[in-house]
Amino acid sequence: EYDSAEQLTLPPTLPAWQAEPPQGPALSAAHRSQALQSLAEHPALKAKTSPSVALLRRLVLNRAVIESQPEPPLDETWWQQLLDLQHALHSGQSSAIAQAARPWLGRGTGLTPNGDDLLLGLLLALKRWGTVLAPQCNIPAISQGIVEQAWPHTTRLSASLLACAAQGQADERLLLALDGIMTGQTDLETCAQALAGWGNSSGLDALLGMAVTAG
C-alpha cells in the first residue's frame, strides 16, 4: 500500500528514439535496380501472400525473367495505378502525386492495409533519400498531401505510421533495408530477412513503395 506521506520517485524522462540519418553515398541507379531485382526474387519475399508480389516483380524484373517462371495473378487496375503513381513522382508535381496516392489509402486488409504500407515505403524513401531519388520534388508538400488524406481514409494506426514515415521515422528493419538498397552497406540477405520479418506482408508492401520511388 502506498503511503501518501512518502515521496514517490519517478524515473527520468527518456528522450524519444530518433532514426539516425542515412550514412554513405548512394549507389548508382543501375546498382539500386540490381538490388531491387534480387529482393524481388528472394524466396522469403516471393512467398508472401500479397498483391505486391506480382506488382513488384513486374515493376523491377525484365520480361524474360517474368515469362520464364510461373507468376502470381496480377490485378491490372492496381498495376495501372502503380504506374500512375510512378509517373506522377517523375513529374514532380505535388498535387498530381497526392492524387495518384489517394487510391492506395486503405486499400487491402488489416490494421495497416497493403496500399498504406506501399505509401509508407514511398514516403520513407523520399524523406531519407529524396535529394538523390527525386530532386525535382517538393517533398514536404508531397508528404503533407498524402498524410492529410490518410486520416479520413484509413486506419488510425496506418495514418500514424505514414505521418512518422513522412518525418523519416520507421521500424528499424525498414530503415536497414532501404539504406541497404541505396548504399549497399548491408547485404541483401539481411535486407530481405528484415523486410520479411515486418508484419505478414507489410515489409514487402513497403518495399514496393521504395521501388516505385527508386525506379
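Helices (H or I, at least four residues) and strands (E, at least two) are taken as DSSP runs, numbered from the N terminus. With that, I placed Glu41 in the loop between α1 (29–40) and α2 (43–46).

**Entry 1: basis.** I am working on a predicted model, in which local features need pLDDT of at least 70, side-chain atom pairs count only at pLDDT 80 or more, and totals for chains, interfaces and linings use all residues. Residues are numbered from 1 along each chain as its sequence is written, and side-chain values use heavy atoms, with hydrogens and water left out.

**Entry 2: confidence.** I looked up pLDDT, the predictor's confidence in each residue, from 0 to 100. The chain has a mean of 91, and 91% of its residues reach 70 or more. Where pLDDT is low, predicted coordinates should not be read in detail.

**Entry 3: accessibility and distance.** I use buried for under 20% relative accessible area, exposed for over 50%, and partly exposed in between (1.4 Å probe, protein chains only). Glu41, at 27%, is therefore partly exposed. I also took its C-alpha distance to Gly92, 51 residues away along the chain, and got 30 Å. Ser38 is in helix α1 and, with 40% relative accessibility, counts as partly exposed. From Ser38 to Ala170 the sequence separation is 132 residues, and the C-alpha atoms are 23 Å apart.

**Entry 4: aromatic rings.** I searched the whole structure for aromatic pairs and found one. It is Trp78 with Trp104, edge-to-face, at 5.6 Å centre to centre and 80° between the planes. The cut-offs: rings of Phe, Tyr and Trp (its six-membered ring) pair if their centres lie within 6.5 Å, and planes under 30 degrees apart count as stacked, over 60 as edge-to-face, the rest as tilted. The pair links distant parts of the chain, 26 residues apart: Trp78 is in helix α5 (residues 76–91), Trp104 in the loop between α6 (94–101) and α7 (114–133). Trp78 is buried at 16% relative accessible area, and Trp104 is buried at 1%.

I then checked for charges over rings (NZ of Lys or CZ of Arg within 6 Å of the ring centre and within 35 degrees of the ring normal). Arg107 lies over the face of Trp104 at 4.6 Å from the ring centre. Arg58 lies over the face of Trp79 at 5.1 Å.

**Entry 5: core.** A nonpolar core is a set of buried Ala, Val, Leu, Ile, Met, Phe, Trp, Tyr and Cys residues joined through side-chain atoms within 4.5 Å. In the largest one, of 65 residues, Leu82, Leu85, Leu119, Leu174 and Leu207 touch the most other members. Helix α7 gives the most to this core, ten residues. Leaving out residues up to four places away in sequence, Leu174 touches residues including Leu120, Leu195, Trp198 and Ala206.

Ala206 is in helix α12 (residues 202–214) and is buried at 0% relative accessibility. The C-alpha atoms of Ala206 and Leu174 are 7.9 Å apart.

Definitions and conventions:
Contact means heavy atoms within 4.5 Å.
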